[in-house]
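Open the model in your viewer and start with a plain cartoon. The tour goes from the whole chain to the sheet, then to a pair of side chains.

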Amino acid sequence: MDEDDLSLKFEMLIDHIIAKKSSQRILRDIFGHSSGDWVNCRNYIDENTYTEEYEGLDVYVCWLNEINSTNDQGRLVAFFENNQLYSQILIFNMNTLKLKA
């Protein structure tokens, strides 16, 4: 598989975890783990979808407190791909997470 294809798939997987309608549930689960606890992204995507859309990726996610946050609501969400060694860190404002299902 072409490296550009895998890079695009990595970006699409992050979008799937962070920006989809189902992301609220996924993010609540990620933030339910301890800070620094790496979780396999396969836990959050249907196996058939993962196989069809993200084949070749082995991506994990964790969160950390954002040390520059003035109101203790900032989190860093880190994604790491084990095969190609891609990584991405996003800043997330916990105020945007709806607490009710």
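The radius of gyration is taken over C-alpha atoms, and the globule rule is 2.2 Å times the number of residues to the power 0.38. With 101 residues, a compact globule would have a radius of gyration near 13 Å, and the chain, at 14 Å, agrees with that. This is a predicted model, in which local features need pLDDT of at least 70 and side-chain atom pairs count only at pLDDT 80 or more, while totals for chains, interfaces and linings use all residues. Residues are numbered from 1 along each chain as its sequence is written, and side-chain values use heavy atoms, with hydrogens and water left out.

**Whole chain.** Show the C-alpha trace: along its principal axes it spans about 45 × 30 × 20 Å. The accessible surface (Shrake-Rupley method, 1.4 Å probe; for residues, only the protein chains shown count as cover) comes to about 6,300 Å², and 47% of it belongs to carbon and sulfur atoms. Of the 101 residues, 35% are buried, meaning under 20% relative accessible area, with exposed over 50% and partly exposed in between (1.4 Å probe, protein chains only).

**Elements.** Colour by secondary structure. The chain has 3 helices and 4 strands, and from the N terminus they run α-α-β-α-β-β-β. Helices (H or I, at least four residues) and strands (E, at least two) are DSSP runs, numbered from the N terminus.

**Sheet.** Select the 4 strands, which form an open sheet in the order β1-β2-β3-β4 with antiparallel pairing. Its edge strands, each pairing on one side only, are β1 (39-40) and β4 (87-93). Two strands pair if DSSP finds at least two bridges between them. Next select residues 59-65 and 74-81: these are β2 and β3, joined in the antiparallel sense over 7 bridges. Within this pair, L64 has L76 in β3 as its bridge partner.

**Salt bridge.** Which residue forms a salt bridge with E47? Select R42: the closest N and O atoms of the two are 2.7 Å apart. A salt bridge is a side-chain nitrogen of Lys or Arg within 4 Å of a carboxyl oxygen of Asp or Glu. A search of the whole structure finds 1. E47 is partly exposed, at 43% relative accessible area, and R42 is partly exposed at 33%.
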